[in-house]
Amino acid sequence: MRLGITLPSRTNPIVSLGDKARRAEDAGFDSVWSYEVYRNPFIILSQAAAATSTVTIGSGLAAAFSRSPFVSANAAADIDEISGGRFLYGLGTGVPEFMKAFHSTDAERPLRRLSEYVDVLRLSWQYLNTGTAPRFEGQYYQFKPPRGNPWGERDMPREQIPIALAAMGPKLLQLVGEKADAWLGYFVTPEYFADFCHGHLETGAHKAGRSVSDIRVVAETVCSVHEDSGVAMQRARRQVGFYATHSAGAQVATVHGLESAVKNLRRGFIDKGIAAFEETPDELVDLLSITGTPSEVRNKLAKFEGFVDDLILHTPYVPPIKADESSDSFDNILSAFGGSEYL
């Protein structure tokens, strides 16, 4: 199992993130990741790519429906070029509320749209790399290369960039099995993967005539480390509570009989706002994160062995966590796992 870490990109200055990526590489981590919360993940990852030489550079995740496939294909090709072919393109639909509020679109019919999006991404890379590609006429996306290509080909490290699709529902998991190079999940437990995810991934893979073992399993999990276990728990409560109230996170809690805890958090959020997440129950934090002192968190990795290819340790960042706290959390993850037998 390979270990990765998310950069604290929501709260920390963008100019500091290249150095943080280099430190993660120096500590022995296999990958560094960013996400799309008020900042462009491609810009952040360009900093990480330029500052490193060996780690995988991953977007966990970049929103699809707020960008055209060709725009995304070029941005991904930029990161792959800067990194020398080290980019793993983690892709998801995007937050439905953001699509309507900020991007003049929506996230409706995500299965068909995301399937077409992946097709057009790969055609875009083919066109950029060779100067030609077939036309595509989908319900939501079209790809119509001009007859002449005055710009010529683009010099790309790889003809195609691997795609990791974010999916938690059954149909999207099947789409991962059918079309993606990797699955990007979060809050993944051994029980949830075995009882729910694996079967849907296998169904999609069988449809495409390939093996489910061909799909790289990438799982993000909240990781909060501190010498004071109380501080670690406080930060984890905020992050886990925020994520658990979303439908995808709630699915995992339900599998483990904690549906009522999620419902209580949702009611608390309506009444108290983000302050409600300070009261996230211990059982949810223990289930959905790797939290504790350095020795405690190192012992908690074992449950991911055997079914996860890449475990991404997710640095806490949601409000009211401040930039210095998020940076401290990142440093503590590096200290707990860097240079150890786990890397």
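**Exercise 1.** In this predicted model, α1 passes α2 in a right-handed crossing (the near helix is turned clockwise from the far one by less than a right angle). Determine which residues make the contact and how α1 and α2 lie to each other.

*Solution.* Step 1: the contact (heavy atoms within 4.5 Å) involves Leu17, Gly18, Ala21 and Arg22 of α1, together with Ile44, Gln47, Ala48 and Ala51 of α2.
Step 1: by class, these are five nonpolar, two polar and one charged residues (Ala, Val, Leu, Ile, Met, Phe, Trp, Tyr, Cys and Pro count as nonpolar, Asp, Glu, Lys and Arg as charged, the others, Gly among them, as polar).
Step 2: helix α1 (residues 17–26) and helix α2 (residues 41–51) have axes 8 Å apart and an angle of about 50° (axes are lines fitted to C-alpha atoms over the stretch in contact; angles run from 0 to 180 degrees between N-to-C directions).

**Exercise 2.** State how many residues of helix α6 are buried and which elements they pack against.

*Solution.* Step 1: seven of the ten residues of α6 (170–179) are buried (under 20% relative accessible area, 1.4 Å probe, protein chains only).
Step 1: they are Leu172, Leu173, Gln174, Leu175, Val176, Gly177 and Lys179.
Step 2: these residues pack against α5 (110–130), β8 (163–166), β9 (182–186) and α7 (190–207).

**Conventions.** Residues are numbered from 1 along each chain. Local features need pLDDT of at least 70, and side-chain atom pairs count only at pLDDT 80 or more, while side-chain values use heavy atoms, without hydrogens and water.

Notes:
Buried means under 20% relative accessible area, exposed over 50%, partly exposed in between (1.4 Å probe, protein chains only). Helices (H or I, at least four residues) and strands (E, at least two) are DSSP runs, numbered from the N terminus. Angles under 35 degrees count as roughly parallel, over 145 as roughly antiparallel, 65 to 115 as roughly perpendicular and the rest as oblique.
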